[in-house]
Amino acid sequence: MPRTPKAKSFQAPKGMNDVLPGVQKYWDKFYRVVRELSLFYGFETLETPVLEFADLFKKGIGLNTDVVEHEMYTLKTKGGDFLALRPELTASIVRAYIENGFANQPQPVKFFHHGPVFRHESAQAGRYRQFHQADFDIIGESDPVVDAQVIQVVYAVLSELGLKGLSIHINSIGDKTCWVKYRDELKLYYRNKMGRLCRNCKKRFKENPLRLLDCKEEECVALKAAAPNSIDYLDKPCHDHFKLVLEFLDELNVPYVLDPYLVRGLDYYTRTVFEIIHDDATGSQTALASGGRYDYLVSQLGGKPAPAIGGSIGIERAINEMRRQDVKVAAIKPKVRIFLAQIGDLAKKKCLGLFEEFRKNNIYVSESLGRDSIKAQLRVADRLGADLALIIGQKEALDETVILREMQSGVQEVIPLAKIIDAAKKRLKKIHPRAIANSNNS
RNA sequence: GUGCCCAUAGUGUAGCGGUUAACACUAGAGUUUGUGGAACUCUCAUCACGGGUUCGAAUCCCGUUGGGCACCCCA
């Protein structure tokens, strides 16, 4: 049933947020870091549509996962297509890989992808209905070294952001052959303990015993302690693979914790799975990033079989953590050197022209052209911390002159309009002998 | 989807059944009209929305919406 807000003024839909100017500097920082590292590690940027066929996710992520079952935004188009707002990036990346014939390029292919994703769940701190992910994926390579590399990039991004207290939780959940054995073992273990399991877990026992290990109910956690580990049921190839991943991580000197009970909520994972977690003082943990290997996904979505691994960072979570840890981030905001003040329409016109000229000379100028009172304009100039104010009044506009005022001292001089750029440059150089006058940033 | 808590100017708060809804900061206008930083004056809230109880509601009750937390799940 359709519903529109009753309130007289509109609000953003639940769980969807405006990113206000005040926090842009964190986003800028994030994108700067992530772009730099993706280039350095050889990931090529890929962008995919926000909407995909709903089936892509049903098939890719798994019908019985919460993400697909309860959290997907779906819609039917006029043409009758069933589309969905992407709940994650991996399935789209794989689709793009197959559709654009990347299988015929030198393997592996390394993609960097970022953008908004959507999940219809109840919003709370660090959990939104629209949030952003940055994804690193390597498709077409099974060597465990790329597992380590993906983990390394993701970890590098978070630590380059200045985040402290990160730990990498890692596990291997094996592949199809291991699962058969392990699932049986789990069922065997839990069979006579059914009575002590929570309601959800009773369901899990039937549908997906692996998820029993995900439960946080006290009873279930207790039972879990003695449950068989997936690691013990890895077959030889999976075991060797995992062992090498860990050895590579040792070599990279990234801190990790073996977490035998780490299983992920998406069906496509095989072998390596990981989460990068921040533990805060109160003991609560937030996953800032996660990922894993998905060796069957490409073929499952109709491509020529290709092994793959990926990791994604929750951008909002990373940024929230930066703010919580009080990471110092400089705003990308040019230092205001010159302020243009005017009185009268003719003067406004002259200011408009001057504005362009300063821009071409790479000098950052500011203004408050909409304000008519000179007093109010100078107040703004002062607040912005401008070094110089250039004032064009009615008289100056007619004379083709400009008043150049040094804000600090209040000393003024009348300069011909034609010479103002040079005069202003010279004056700025005097005020900031070391700064390069034509750099527009401090 | 479940449970608990919350909602007053842009921000942070006061108000606890009867007030011109208060205070601080911010913002805008101004203090004899062409010059900033101080001071002062003024301006900015249909008290989230809708309904009810009451002579009277920001204040009590119900619903909605939104926010927070926990569960669930996840980034």
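Two strands pair if DSSP finds at least two bridges between them. Helices (H or I, at least four residues) and strands (E, at least two) are DSSP runs, numbered from the N terminus. This is a predicted model, in which local features need pLDDT of at least 70 and side-chain atom pairs count only at pLDDT 80 or more, while totals for chains, interfaces and linings use all residues. Residues are numbered from 1 along each chain as its sequence is written, and chains are lettered from A and ligands numbered from 1 in the order in which they are written.

**View 1. Strands S12 and S13.** S12 (residues 338-342) and S13 run parallel and are joined by three bridges. Phe 339 stands opposite Ser 366 in S13.

**View 2. The open sheet.** Five strands make up this mixed sheet, in the order S13-S12-S14-S15-S16. S13 (365-367) and S16 (412-416) are the edge strands; each has a single partner strand, so one side of each lacks a neighbour in the sheet.

**View 3. Helices on the sheet.** Helix H12 (residues 345-360) packs on the sheet and touches S12, S13 and S14 (388-392). Contact means C-beta atoms, placed from the backbone, within 7 Å. The direction of H12 makes about 160 degrees with that of S12; axes are lines fitted to C-alpha atoms, for helices over the stretch in contact, and angles run from 0 to 180 degrees between N-to-C directions. Helix H13 (residues 374-384) also touches S12, S13 and S14, and its direction makes about 175 degrees with that of S12.

**View 4. Around Leu 158.** Beyond its neighbours within four places in sequence, Leu 158 is in contact with residues including Leu 163, Ile 276 and Ala 318.

How values were computed: Contact = placed C-beta atoms within 7 Å.
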